Amino acid sequence: MQIRNRQKRVVRLSCSIHGKGTFMKIRASVIGGIIWNETKGMTPVPTQKLFDDLYVVQDLFANVFLIKDGEDYVAIDAGISAANIKSELASLHVDARNVKAVLVTHSDIDHVNGIAAFADSEVYLPEAEVPMLNNFRITMSECEMSDAAETYKDFEQSGELNLFAGLEYWPDDDIEFAEGENGGRISFLKNRLDRSYKTVGDGETLKIGNISIETILIDGHTKGLTAYLINKKYLFVGDGVSLVDGQLRPFNSFLNLNEALHRKSIEKIKNLKGFKYLFTQHYGFTDDAQMSLAG
Ligand SMILES: [Zn+2]
């Protein structure tokens, strides 16, 4: 997202608010405002060593987790900004070349865009995410977009315009406007993964080094969002839930592809048993997962 160039990018929309066919201009940066609005309530964990076998990296509004296995690591997700992740890893004295695998929970940019930080790793992607690659993630009507312009005003005043500078993710084909039956619609945020990958299905068991991994499909936020249960102890749910005061809550509905499926998946997560920790990618973690699941 090239917010640096934001002032130059103008998207022209033919909006029929109040049937007047008003012609309006909306800057691409309005989209930055929308995303900012969704992320400002998020509570990622600051970069630190959490346990002997677990590190966390904060990358803007998302977390990357690293499971240690001897000298090697397996990462859960790849974050947003490779440059930022590299400097955070350096602060933890973790050599990125020792990250042997990245388990991607889903293909949204805040989970894969930093993949270049892990140049020597094998990438695992849920197979149901494959159709989401190279497709637009969010579509809005032009009138929703017009409301969103208000959000952009707050975004501008927040002084957080650099929030998205690390994304470097705003190529020309990343916004599309299409005339539809009920007016125009704008699509944006194409999912991309600029690396070869292996796919994983639902209910698989993997072994990477000494780390055991079970995959659990928790679709709804995206088509293939997958939770990873590591060593039967740590469950990583990506954007499968929010955590508020240790309690499971639905994820930001604006960002969910299918809200009904998302709610079903939360029930699926609640029925999982036997592990102690539950980690989200935007809302921290709980060390009493069974209590959080029961709540
Ligand atoms: Zn996310």
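Predicted model: local features only at pLDDT ≥ 70, side-chain atom pairs only at ≥ 80, totals over all residues.

Visitor: Which residues touch the most other members in the largest nonpolar core?

Guide: Phe65, Ala75, Ala78, Val102, Leu103, Leu235 and Phe236, out of 67 residues in that core. A nonpolar core here is a set of buried Ala, Val, Leu, Ile, Met, Phe, Trp, Tyr and Cys residues joined through C-beta atoms within 7 Å. Buried means 20 or more other C-beta atoms within 10 Å of a residue's own, with C-beta atoms placed from the backbone.

Visitor: And which strand gives the most to this core?

Guide: Strand β5 (residues 62-69), with five residues. Strands are DSSP runs of E, at least two residues, numbered from the N terminus.

Visitor: Switching to β15, are its residues buried or exposed?

Guide: Five of the five residues in β15 (residues 226-230) are buried. Thr226, Tyr228 and Ile230 point one way, Ala227 and Leu229 the other.

Visitor: What does β14 do next to β15?

Guide: β14 (residues 211-217) runs antiparallel to β15, joined by five bridges; strands pair if DSSP finds at least two bridges between them. Glu214 stands opposite Leu229.

Visitor: Which residue is the bridge partner of Leu229 in β16?

Guide: Leu235. β15 and β16 form a hairpin with three residues between them, and Asn231 in the turn has a positive phi of about 50°.

Notes:
Residues numbered from 1 in each chain as written. Buried ≥ 20, exposed ≤ 12 C-beta atoms within 10 Å, placed from the backbone. Helix = DSSP H or I, 4+ residues; strand = E, 2+ residues; numbered from the N terminus.
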